[in-house]
Amino acid sequence: MSEPEKACSPIVWCVGGSDSSGGAGITRDLATLADLGVHGCAIVTLVSAQSHYAMTSSKAMQLSLINEQWQVLAAEALPLCIKIGAIANDAQAKVLSTRIEMLSVPRPLIVWDPVLFSSSKGALSNLSKDVIKQLLRVVDLVTPNTHELASLAGIFIDSEIDNAFETKSEIKSEVKNNRDVRHAAKTLINSGAKSVLVKGGHARWQHNATDTYFTDSEEIAFSQPRVHHSELRGTGCMQASAIAAFVAKGYSIIDALTLANAYVKNVRDVSSSSYSQSSLTGSRQSVPQVPRLAGFPTNRDAFPTVAFIKSGAFNSVDGCKTESDVFDKHHNERREKPFLPLSHTKRGIYPVVDSADWIEKLLPTGVETIQLRIKEDISPWDKARISKEIQRAVALTKSTSCQLFINDHWQLAIEHGAYGVHLGQEDLFTADIDAIRKAGLRLGVSTHGYAEIQRVKSLAPSYIALGHIFATKTKDMPSQPQGIDRLKHYVDLCGGIPTVAIGGINKNRCKAVADTGATHIAVVTAITEAPCPHAAYHTLQKEAGFVE
Ligand SMILES: Cc1ncc(COP(=O)(O)OP(=O)(O)O)c(N)n1
Ligand SMILES: Cc1ncsc1CCOP(=O)(O)O
Ligand SMILES: [Mg+2]
């Protein structure tokens, strides 16, 4: 399948050093951006002479040249994202920090891959603690590996050695397990960093390779099976550039992190397969592994497992001693115990309504799936009344073949023996998922993009809802409408788990939605605001091609 959006290329600036081997640095950044359909501009900070195995020298660009590169680009067009890699010295870092601070709002998202050493083993950067602190505070996302994280956190943790060391690489905090990762990342956040993505490639203590994203309120883990003997250089550059590329293409930051993770996995895979082939034909020793391009990730197996972790969650997961245990447990356990599948395999329109009366009204249409969505913030409902309404809805559908999902109120759905429960992302932190499964109820879960889909797949639910596809006036949505192209990708990513498309779908749009392969189409106003709801239901069924 091709990439979803192919409008004119968005722009990303790359600030960093050249690597003569092409394996890393700004050369790799630009190749990554081009591979993902983004136009890359370059602000070169240093020129390095390096091969895949060694770096012989590196020379910093003059400040005037850094300034001139920035100015000439800014005069033309500001980018949607700026990716920063190696910075040669304090003077350069100060210029960059000042320039970033001067950008007008809304400013580009700034991603800093804090490269200190080249993967071909040589120092690239010699920054003092003060400029590192300043940089950390002006950028939006910093993407250290665990060694770089230790160095960065050490700056803030170890205040007594303040004057004893000149360079940040000499100041280390301990990062030997996931607890240390979390502590060090939190140190950066508490010291003013807006968000940190700690890459797990060097975290040998983890069973999987888990990248963890921290903000002051979130912690999200992206896990892939660990690759043990990769000789590929420049993966950090690729990942940070890919994040910048996906943000520039309009993806949310967590979707950009998910897509970039999948992208790097694909680059690793294609590069290592061509590398092993070259070893069959020639002497492997003399052939360095060079990165190949992989394009927009569309293959399901490239995508990481995603876990959203609430503060304190680690203490409440049985038998888990470390955070990585939690990720593994989360992944494996849910996969082993899927929710019951939907009883009806036929595709259909799925009305979402706010009362048992509506259900009674729509049942004669022969509707096969329906949802009771009572929102206390929209109209005054007390618990007793909600309970009665759910009880009545269950009674109405019991002797029919209609599958009734209850939105939000999972305890009452269990208590009254509903067919299923529909939960939102926030509900997943609080609802007792095991209790719903054990009670034999089906589960549907809302998602709004790649990261949430990957999160929810681990639960093996009865369906995954994908929204909102078009603008809707029924609900204030914090996310952007997804559109048809992305919906197609999401349906594919769900890999056979039934899907429900929702949001702004009406009779004119339901054919395009159905053509994506979404199993069901959920609608509120297309039915509840129609002059004749029965006729509206049948028209939607027909327009979607669900009936002749
Ligand atoms: C089929 C379907 N998809 C999505 C939603 C939205 O559910 P949720 O995220 O729980 O938000 P609220 O509906 O509770 O506002 C849904 N209800 N049904
Ligand atoms: C509950 C909900 N969740 C995502 S969009 C939506 C509302 C869909 O309503 P409509 O079909 O009227 O756009
Ligand atoms: Mg809900």
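**Helix packing and its setting**

A: Residues 24 or more positions apart account for 66% of the contacts in the protein chain with a separation of 6 or more. The model is a predicted one. The protein chain has 548 residues, of which 49% count as buried, and its secondary structure comprises 19 helices and 20 strands.

The part examined here is the pairing of helix α1, residues 25-35, with helix α7, residues 235-248; the two axes come within 9 Å and cross at roughly 40 degrees. Because of that angle, α1 is classed as oblique to α7. The handedness of the crossing between α1 and α7 is right-handed. On the side of α1, the contact is made by Gly25, Arg28, Asp29, Thr32 and Leu33, while α7 contributes Cys237, Met238, Ser241, Ala242 and Ala245. Sorted by class, the contact of α1 with α7 contains five nonpolar, three polar and two charged residues.

Leu30 is located in helix α1. Leu30 and Met238 are separated by 208 residues in sequence, yet their C-alpha atoms are 9.1 Å apart in space. Met238 is itself among the residues of α7 that make the contact with α1. When residues up to four places away in sequence are left out, Leu30 touches Cys14, Gly40 and Ala42.

The ligands complete the setting. Ligand 1 is surrounded by 15 residues, the closest being Gly424, Ser446, Ala465, Ile502 and Ala522. Two strands, β16 (420-423) and β19 (499-502), each supply at least two residues of the shell around ligand 1. By class, this shell divides into six nonpolar, six polar and three charged residues.

Around ligand 2 there are 13 residues, and the closest are Thr472, Thr474, Gly503, Val524 and Thr525. The shell of ligand 2 comprises five nonpolar, seven polar and one charged residues.

Definitions and conventions: Residues are numbered from 1 along each chain as its sequence is written. Chains are lettered from A and ligands numbered from 1 in the order in which they are written. This is a predicted model: local features need pLDDT of at least 70, side-chain atom pairs count only at pLDDT 80 or more; totals for chains, interfaces and linings use all residues. Axes are lines fitted to C-alpha atoms, for helices over the stretch in contact, and angles run from 0 to 180 degrees between N-to-C directions. Helices (H or I, at least four residues) and strands (E, at least two) are DSSP runs, numbered from the N terminus. Angles under 35 degrees count as roughly parallel, over 145 as roughly antiparallel, 65 to 115 as roughly perpendicular and the rest as oblique. A crossing is left-handed if the near helix is turned anticlockwise from the far one by less than a right angle, and right-handed if clockwise. Two residues are in contact if their C-beta atoms, placed from the backbone, lie within 7 Å. Ala, Val, Leu, Ile, Met, Phe, Trp, Tyr, Cys and Pro count as nonpolar, Asp, Glu, Lys and Arg as charged, and the others, Gly among them, as polar. A residue is near a molecule or strand if its C-beta atom, placed from the backbone, lies within 6 Å of it. A residue is buried if 20 or more other C-beta atoms lie within 10 Å of its own, exposed if 12 or fewer, and partly exposed in between; C-beta atoms are placed from the backbone.
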